[in-house]
Amino acid sequence: KSEVSEDVKHKIKINKLWRAGGWAMGTRLPPVGEIPLVQVLSYHREYELIKMDADGPEGEWLHVIDGLLSSGALTIKSMVVECNGCTASMMHTFQHKHGY
């Protein structure tokens, strides 16, 4: 009789919890490391499209992107944002200062 490792048991358990439309309620995924947005965006100087929809931090992300666009460190042709935590002044800045 062969033993199944804990890692394999965990993978089997996670796979059983998947359902169409997302994870089952109460599912806890293992922790992952964080990568700062500035680091992610620094991989390229120009982007054709950025889509942001994370249910919460988009307002903070736009603040970071505003600084990168204003300094000339980043160029983005198009953005799609489902904006939680965005202020009217931030949206005005992106529309009138950056042309989105």
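**Entry 1. Overall picture**

I began with burial: 19% of the 100 residues of the protein chain count as buried. I note here that the model is predicted. I then looked up the surface, and the protein chain exposes about 7800 Å². Carbon and sulfur atoms supply 56% of that area.

Next I listed the elements. The protein chain has 4 helices and 4 strands. Read from the N terminus on, their order is α-β-β-α-β-α-β-α.

I also looked up how far apart in sequence the contacting residues are. I took the contacts with a separation of 6 or more, and 66% of them join residues 24 or more positions apart.

**Entry 2. The nonpolar core**

Which residues of the largest nonpolar core touch the most other members? I found Leu41, Ile50, Ile65, Ile76, Met79 and Phe94, out of 13 residues in this core. I then looked up the elements that give two or more residues to this core: strand S3 (46-52), helix H3 (58-71), strand S4 (75-81) and helix H4 (88-97). H3 gives the most, with 4 residues.

For background I wrote down that nonpolar side chains tend to be buried together in soluble globular proteins.

Leaving out residues up to four places away in sequence, Ile76 touches Tyr47, Ile50, Ile65, Leu69 and Tyr100.

**Entry 3. A nonpolar patch on the surface**

I turned to the outside of the model. Ile35, Val40 and Tyr43 form a nonpolar patch on the surface. Together they have about 300 Å² of accessible area.

I looked up Tyr43 by itself. Tyr43 is in the loop between helix H2 (37-41) and S3. Is Tyr43 buried or exposed? Tyr43 counts as exposed because its relative accessibility is 54%, and the cut-off for exposed is over 50%.

**Entry 4. Salt bridges**

How many salt bridges does the structure hold? I found 3 salt bridges.

I took the pair of Lys77 and Glu48 to begin with. Their side chains meet in a salt bridge, at 3.8 Å from N to O. Lys77 is in strand S4 and Glu48 in strand S3, so this pair links distant parts of the chain, 29 residues apart. Lys77 counts as exposed at 57% relative accessibility, and Glu48 counts as exposed at 55%.

Then I looked up Asp53, which forms a salt bridge with Lys51. The closest N and O atoms of this pair are 3.9 Å apart. Asp53 counts as partly exposed, at 36% relative accessibility. Lys51 counts as exposed, at 56%.

The remaining pair I looked up was Asp66 and Lys97, with the closest N and O atoms 4.0 Å apart. Lys97 counts as exposed at 53% relative accessibility.

I went back to Asp66.

I then looked for a polar partner of Asp66. The side chain of Asp66 makes a polar contact with the side chain of His98, at 2.6 Å. Not counting residues up to four places away in sequence, Asp66 touches Met90, Thr93, Phe94, Lys97 and His98. Phe94 had already come up in my core entry, among the residues that touch the most other members.

His98 lies in the segment after H4.

**Entry 5. A backbone angle**

Last, I looked up Asp55. Where is Asp55 placed? Asp55 is in the loop between S3 and H3. Its phi is near 60°, which is a positive value in a residue other than glycine. Asp55 is exposed, because its relative accessible area is 62%.

Methods
Residues are numbered from 1 along each chain as its sequence is written. This is a predicted model: local features need pLDDT of at least 70, side-chain atom pairs count only at pLDDT 80 or more; totals for chains, interfaces and linings use all residues. Side-chain values use heavy atoms; hydrogens and water are left out. A nonpolar core is a set of buried Ala, Val, Leu, Ile, Met, Phe, Trp, Tyr and Cys residues joined through side-chain atoms within 4.5 Å. Buried means under 20% relative accessible area, exposed over 50%, partly exposed in between (1.4 Å probe, protein chains only). Contact means heavy atoms within 4.5 Å. Patches are made of residues with over 30% relative accessible area and no salt bridge: like charges are joined within 9 Å, nonpolar side chains (Val, Leu, Ile, Met, Phe, Trp, Tyr) within 5 Å. Accessible areas come from the Shrake-Rupley method with a 1.4 Å probe; for residues, only the protein chains shown count as cover. A polar contact is a pair of N or O atoms within 3.5 Å; within protein, one must be able to donate a hydrogen and the other to accept it, and residues adjacent in sequence count only if both atoms are side-chain atoms.
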